[in-house]
Amino acid sequence: MMITVIGAGPAGSYSAYLLAKNGFEVQVFEEHEEVGQPVACTGVVTSAVITDILAHGGLKLPQKIIINRIAKARIIAPNRLFTEVKLRNDAILDRTGLDKFLAQKAMDAGAEYHLNHHFISFSSNSSSNSKIIYEIKDKRSNEIKKIETDYLVGADGPLSAVAKSAGLFGKRKFYVGLQVTARYSNDDIIDFYPSEQGIAW
């Protein structure tokens, strides 16, 4: 049985790892030329990601990927008044390192990775109801390939082309985010700035 995963972020690679580990034939398609690049988020996670989710799959996160531990969250109102909430050993992870770690574990378990491949769409195979045919573009050669699979997993982010192709996208609404890397004094606390327009941290 072939299972195809679109997207090599944490969700895609962790799914690929669990599936391959349990004996399924797995292939992963990632549109970028390198797993973990460009960086997709800040890497702030709750302790459950490390102690529950990854541990459930038998994975122990290398210490070098854990950049820092977070003791508290400070929630700051527009008038500068604030309150602090204790956290349960939450962490800031090296997001690129996390992506690469999970992808390597998936490959070690037998998953096959294809970089620089962009998912286009899929349809059911009229000759076999149990098969899915999807189109994927090799960005290096511009060749569009039609590939058959038994199951298709859309792990291609909030704007998922897989969800759109499947009619599952719905009427999603998004906040637009801006990520900035800057020098900042470190007190092991995350500052949150909620407002009517959105939230910053």
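Tutor: Start at Gln27, whose bridge partner in β6 is Glu112. This is a predicted model, where local features need pLDDT of at least 70 and side-chain atom pairs count only at pLDDT 80 or more, while totals for chains, interfaces and linings use all residues. Residues are numbered from 1 along each chain as its sequence is written, and side-chain values use heavy atoms, with hydrogens and water left out.

Strand β2, residues 25-29, is joined to β6 by 3 bridges, and the two run parallel. Two strands count as paired if DSSP finds at least two bridges between them. Strands are DSSP runs of E with at least two residues; helices are runs of H or I with at least four; both are numbered from the N terminus.

Now look at another partner of β2. β1 and β2 pair over 5 bridges, in the parallel sense. Here Met2 stands opposite Glu25 in β2. β2 is mostly covered, with 4 of its 5 residues buried. Buried means under 20% relative accessible area, exposed means over 50%, and partly exposed lies in between, using a 1.4 Å probe on protein chains only.

These strands are part of an open sheet. Its 4 strands come in the order β6-β2-β1-β10, and the pairing is parallel. Axes are lines fitted to C-alpha atoms, for helices over the stretch in contact, and angles run from 0 to 180 degrees between N-to-C directions.

A helix covers part of this sheet. Helix α1, residues 10-21, lies across β1 (2-6), β2 and β6. The helix runs at about 165° to β2.

Of its 13 lining residues, the closest to the centre are Pro10, Ala11, Val45, Val49 and Leu98. α1, α2 (47-56) and α3 (95-108) are the elements that give two or more residues to this lining. By class, the lining has 11 nonpolar, 1 polar and 1 charged residues. Nonpolar covers Ala, Val, Leu, Ile, Met, Phe, Trp, Tyr, Cys and Pro; charged covers Asp, Glu, Lys and Arg; the others, Gly among them, are polar. A pocket is found on a 1 Å grid over the protein atoms alone: it is an open set of points with protein on both sides within 12 Å along at least five of seven lines, and lining residues have an atom within 4 Å of a point.

Contact means heavy atoms within 4.5 Å.

Take the pairs in turn. Strand β3 (residues 44-45) is joined to strand β5 (residues 82-93) by 2 bridges, and they run antiparallel. Val44 has Ile92 as its bridge partner in β5. Strand β4 (residues 66-76) and β5 are also antiparallel, over 9 bridges. Ile76 has Phe82 as its bridge partner in β5. β4 and β5 form a hairpin with 5 residues between them, and Arg80 in the turn has a positive phi of about 80°. On to β11: 4 bridges join β4 to strand β11 (residues 189-195), and these run parallel. Ala73 stands opposite Ile190 in β11.

The protein chain has 4 helices and 12 strands. Its C-alpha trace spans about 65 × 35 × 30 Å along its principal axes. Of its 201 residues, 34% are buried.

Technical notes:
On a 1 Å grid over the protein atoms alone, a cavity is a set of points where a 1.4 Å probe fits but cannot get out, and a pocket is an open set with protein on both sides within 12 Å along at least five of seven lines; lining residues have an atom within 4 Å of a point.
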